[in-house]
Amino acid sequence: MKNKDMKKENEIKTVVPTLRFSEFQDTEGWKEYKLKSLCKIGNGKDYKHLDSGNIPLYGSGGYMTSVDDFLYDGESVCIGRKGTIDKPIFLTGKFWTVDTLFYTHSFHNCLPQFLYLIFQQINWYKYNEAGGVPSLSKTTIGEINVFVPVGKKGELNEQQKIVDCIFSLDELIEATTQKVKALEKHKKGLMQRLFPAEGKNVPDLRFPEFQGTQVWVDTILETVADYENGKAHENEIDEEGDFIVVNSKFISTDGEVVKRTNTPYCLADKEDILMVLSDVPNGRAIAKCFFVDQSGKYTVNQRICRLRSKNVNSKLLFYLINRNPYFLSFDDGVKQTNLKKSEVLECPLMIPSSPIEQQKIANLLSSIDDLIIATERKIKLLEKHKKGLMQQLFPKI
């Protein structure tokens, strides 16, 4: 009986993932290993005293600075020891790690890239050992059980196949992300040329039919828009509400964070512009605008103003005032910025007198925005596809 128990205890547990490449479907299941048997885990050190050089230094939050020497040269999967403990990093080449980061080396029965994919699926906070700032220990990490496919002769073919599949998706996601950045840069550069520079009354770039025509009109926001402050909705929040409460969080996250209500105290109409009036020092929300796409859907919260255009194309006005440098100048970087109604309405503007020119500029910038939104949507779909694929390609840890 004792021998049977010992034999059972020494048996290696195996599992089979939900989705497997055809050439591996008839092979043995994935074996369970402790992380310490797949790699060695090294401690970073406190290198904050070192001067900058050409070797990158990494901490739990990612890239930090650089130093003169190198600690490790090769492929490594890193995980935060303290603070940010749920963001694995894959590094290659020479690098230092500070004392808030663990790094892996000397891999056995596991490709470094494959281990990186495993690290992405571990719920690291499950192994948190501190009540305050989250922290991990080398011992705890080493004892975590994971499943790894290894051939009878030690081949890592299945690991490589999975790595190639997921890493190719990562490359596509990164390329698509870079496309978004390129489009945003293109839009920014275009706007600098489509709108008159300071001290000028015509833009550097103009549609051919308007070249040599009227100069742009020098005005202020008060002459081209009606203003109304939003109302407090905090006591009327209802997750099942029919109306979206437009607050600073909704605008600053481009509609990702949503609160609802059934009591619309300040309804917005289609083509209204809703702007954030209050933000923390150096915040990215102050004067950020939201262009209303549908009437009767949004209600305006306090510290948000509703601007309704008059005698000017509303979409063009949106592009003119969204994060306008005039509004940003009120942020002193020390205290919270709170824009007043009078300050908002005094915003200086240069506007083309021709409604047709206004519309053409608005249409051009809107087309770029539509392309950016479509590309960002593609990124989300790719990330969702990757997550679903990894859930099927890997057994649950």
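Which residue in S10 is the bridge partner of Lys40? In this predicted model, local features need pLDDT of at least 70 and side-chain atom pairs count only at pLDDT 80 or more, while totals for chains, interfaces and linings use all residues. Residues are numbered from 1 along each chain as its sequence is written, and side-chain values use heavy atoms, with hydrogens and water left out.

The partner of Lys40 is His105 in S10. Helices (H or I, at least four residues) and strands (E, at least two) are DSSP runs, numbered from the N terminus, and two strands pair if DSSP finds at least two bridges between them. Strand S10 (residues 101-105) and S3 are antiparallel and share four bridges. Both belong to an open sheet of four strands, ordered S3-S10-S7-S8 with antiparallel pairing. Its edges are S3 (40-43) and S8 (89-91), each of which pairs on one side only. From one strand to the next, the twist averages 30°. Across S7 (76-80), S8 and S10 lies helix H3 (residues 112-121), at about 25° to S7; axes are lines fitted to C-alpha atoms, for helices over the stretch in contact (heavy atoms within 4.5 Å), and angles run from 0 to 180 degrees between N-to-C directions.

Five bridges connect S13 with the antiparallel strand S20 (residues 304-309), where Leu307 stands opposite Tyr227.
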